[in-house]
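Me: I would like to learn how to read salt bridges in a protein model. Where do I start?

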Amino acid sequence: MNDDIVFVDYYDVLQVSPTADEDTIRRIFRHLAKKCHPDLPTGGNPELFRNLVKAHDVLSDPEKRTAYDVKHQEYWDRKWQILGRATNGSIPENNKQVRERILTVLYVQRRSNSQNPGLGEIELSRMLRTPIEFMEFDLWYLLRKGLVERLETGHMAISVEGVDYVEAHTLQVNEDHLLSSHITEA
């Protein structure tokens, strides 16, 4: 899991799909860079700006992007393994199930990689196969309840309260290391 510590999902940084064309990447980069440039009167966000520049550099160069896409696929293969450990592969039917899945995935992420316990909203969306727009309410709810927290990186991570909730009320680790729901009301 050490690769996850240093791996940065440049598609997530630029908030674009892996199928985005070069023109889209350039336009989104410029738009985001204007918002966080270090020369802004507010000081901007130098770390985010550096990540945006690096993402643009890699994704706008065909050779670098091809090499990056191999690493990106390997990274997502590992993330799918986390999802496999966290769910039984079924699709959530309602908001409560979406919230449980978010908590479960974030729980497994924190347990499997305490150095990098968070996931971006785009990562969560892809892993749960749920559009971000359908998760906004659930993420808001989990944040307000204190079960999830936003890290300095902008990623979402399960909080101490969330871990306590998962372990005490909703999910339990089975012998096969899968988490399963045992209570239907949250």
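Reply: Start with a term for accessibility: a residue is partly exposed when its relative accessible area lies between the cut-offs of 20% for buried and 50% for exposed. Arg110, at 25%, is partly exposed. Keep in mind that this is a predicted model.

Me: Which residue forms a salt bridge with Arg110?

Reply: Glu149 does, and the closest N and O atoms are 3.2 Å apart. Glu149 lies in strand E1 (residues 148-150) and Arg110 in helix H6 (residues 95-112), so the pair ties together parts that are 39 residues apart in sequence. Glu149 is partly exposed, with a relative accessible area of 34%.

Me: How many salt bridges does the structure hold?

Reply: It holds eight. Among them is the one between the side chains of Arg126 and Asp9, at 3.3 Å from N to O. Arg126 belongs to helix H7 (residues 121-128), while Asp9 sits in the loop between helix H1 (2-6) and helix H2 (10-14), so this pair ties together parts 117 residues apart in sequence.

Me: Is Asp9 buried or exposed?

Reply: Asp9 counts as buried, because its relative accessibility is 6%.

Me: What separates Asp23 and Arg26 in helix H3?

Reply: About one helical turn, because they are three residues apart in that helix, which spans residues 22-36. Asp23 and Arg26 form a salt bridge, with 2.2 Å between the closest N and O atoms. Asp23 is partly exposed at 36%, and Arg26 is partly exposed at 34%.

Methods: Residues are numbered from 1 along each chain as its sequence is written. This is a predicted model: local features need pLDDT of at least 70, side-chain atom pairs count only at pLDDT 80 or more; totals for chains, interfaces and linings use all residues. Side-chain values use heavy atoms; hydrogens and water are left out. A salt bridge is a side-chain nitrogen of Lys or Arg within 4 Å of a carboxyl oxygen of Asp or Glu. Helices (H or I, at least four residues) and strands (E, at least two) are DSSP runs, numbered from the N terminus. Buried means under 20% relative accessible area, exposed over 50%, partly exposed in between (1.4 Å probe, protein chains only).
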